Amino acid sequence: MSTFRSRQTFEPDRGELAKLFDKVPPHALEAEAALLGAMILDSRVIGDVIEVIKSSDDFYVQKHTAIFETLVHLYDHHESLDIVQIKQRLADHNQLDDIGGVEYLLRLAEAVPDATNAPYYAKLVREKSVLRKLIDASGRILYSAYTSREPVQNLLDEAEKEIFKIADGPGNADVATLEQLLHETYARLEAQEGRDVTGLATGFFELDEMTSGLQDGELIIVAARPSMGKAQPLDAKVLTPGGWTTMGELRVGDSLASTDGGPSRVVGIHPQGLRQVFRVTLSDGRSAECCDEHLWRVHF
């Protein structure tokens, strides 16, 4: 004798669903305030923060969004992050009154005893933001499932895109097709044909030959082993927009001349101590200054 057993399904209570949709979205106001206070207190933590929070949309409160955008802008442009600078930029964009005035900025900074916990605060803010975006995406998927007349596969594709958009985050590049990438690559190769330097020339011919110049989007780090000649003597000349100066006269924040006319500022000065410096003259008439530990490549 055959028996048939009905399949059990989960039916959520509609009243419970209504309660869920009426709830306040997930957020962490204390973490947002502590994070901004830490960034104001010590701008050095901003580099770690923006690795976690890549968009101001991660903040739940609008005034926190405005403050975060201001701090990141000043940081990106190597400007001072003191209260005066922050207040002035907010005032210039008519946002100072909206965030509660300079008093609110002071309260944020005073409420954080130590800025080292900034990455932890950033993680909390980011997690709550992901939950809010997941709720929004789920709502759109649910609405489409009930009302759309699109083929089911299209609905599945759209649902996957919604979820992947949250997982990838706003800082990641959009997905591109292989065909699009190949066209861009071939166009770049054709533009380079017959040219040794396709980017910005540095004036160091051997370096330009190796790199084809400085390319857009590249991060160039000059590094070498100790005693390879990275340091410069204090009387070495440096070109600034106002004329020549010396290494010893440079200060953090000073503007330097750049080959492309873009902004170039001193962000750090690292003294190497007192060294005896020698001028070495080569057989072709060129000369170089170095200390007694400088290493030289010789061929014969």
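**Close-up views of a predicted chain**

**View 1. The salt bridge between Asp58 and Arg126.** Asp58 and Arg126 are both buried; buried stands for under 20% relative accessible area, exposed for over 50% and partly exposed for values in between, with a 1.4 Å probe and protein chains only. The two residues form a salt bridge whose closest N and O atoms are 3.0 Å apart. A salt bridge is a side-chain nitrogen of Lys or Arg within 4 Å of a carboxyl oxygen of Asp or Glu. The pair links distant parts of the chain, 68 residues apart: Asp58 is in the loop between helix 3 and helix 4, and Arg126 is in helix 7. Lys133 joins Asp58 and Arg126 in a network of salt bridges. The model is predicted, and local features need pLDDT of at least 70, side-chain atom pairs count only at pLDDT 80 or more, and totals for chains, interfaces and linings use all residues. Residues are numbered from 1 along each chain as its sequence is written, and side-chain values use heavy atoms, with hydrogens and water left out.

**View 2. Overview of the chain.** The chain has 10 helices and four strands, in the order α-α-α-α-α-α-α-α-α-α-β-β-β-β from the N terminus. Helices (H or I, at least four residues) and strands (E, at least two) are DSSP runs, numbered from the N terminus. Of the 300 residues, 21% count as buried.

**View 3. The largest nonpolar core.** This core has 34 residues, and Leu35, Leu36, Met39, Val49, Ile67, Phe68 and Leu71 have the most contacts inside it. A nonpolar core is a set of buried Ala, Val, Leu, Ile, Met, Phe, Trp, Tyr and Cys residues joined through side-chain atoms within 4.5 Å. Among the elements that give two or more residues to the core are helix 4 (62-76) and helix 7 (118-147). Helix 2 gives the most, with seven residues. Val49 touches Leu35, Met39, Phe68, Ala118 and Ala122, leaving aside residues up to four places away in sequence; a contact means heavy atoms within 4.5 Å.

**View 4. The aromatic pair of Phe59 and Phe68.** The structure holds two aromatic pairs. In one of them, the ring centres of Phe59 and Phe68 are 5.0 Å apart and the planes are at 45°, so the pair is tilted. Rings of Phe, Tyr and Trp (its six-membered ring) pair if their centres lie within 6.5 Å; planes under 30 degrees apart count as stacked, over 60 as edge-to-face and the rest as tilted. Phe59 is buried at 5% relative accessibility, and Phe68 is buried at 4%.

**View 5. The salt bridge between Arg279 and Glu289.** The closest N and O atoms of this salt bridge are 2.8 Å apart. Arg279 lies in strand 3 (residues 277-281) and Glu289 in strand 4 (residues 287-291), so the pair ties together parts that are 10 residues apart in sequence. Arg279 is exposed at 53% relative accessibility, whereas Glu289 is partly exposed at 37%.

**View 6. A nonpolar surface patch.** Leu178, Leu181, Leu182, Tyr186 and Leu189 form this patch, with about 530 Å² of accessible area together. Patches are made of residues with over 30% relative accessible area and no salt bridge; like charges are joined within 9 Å, and nonpolar side chains (Val, Leu, Ile, Met, Phe, Trp, Tyr) within 5 Å. Accessible areas come from the Shrake-Rupley method with a 1.4 Å probe, and for residues only the protein chains shown count as cover. Leu189 lies in helix 9 (residues 178-192) and is partly exposed, at 48% relative accessible area.
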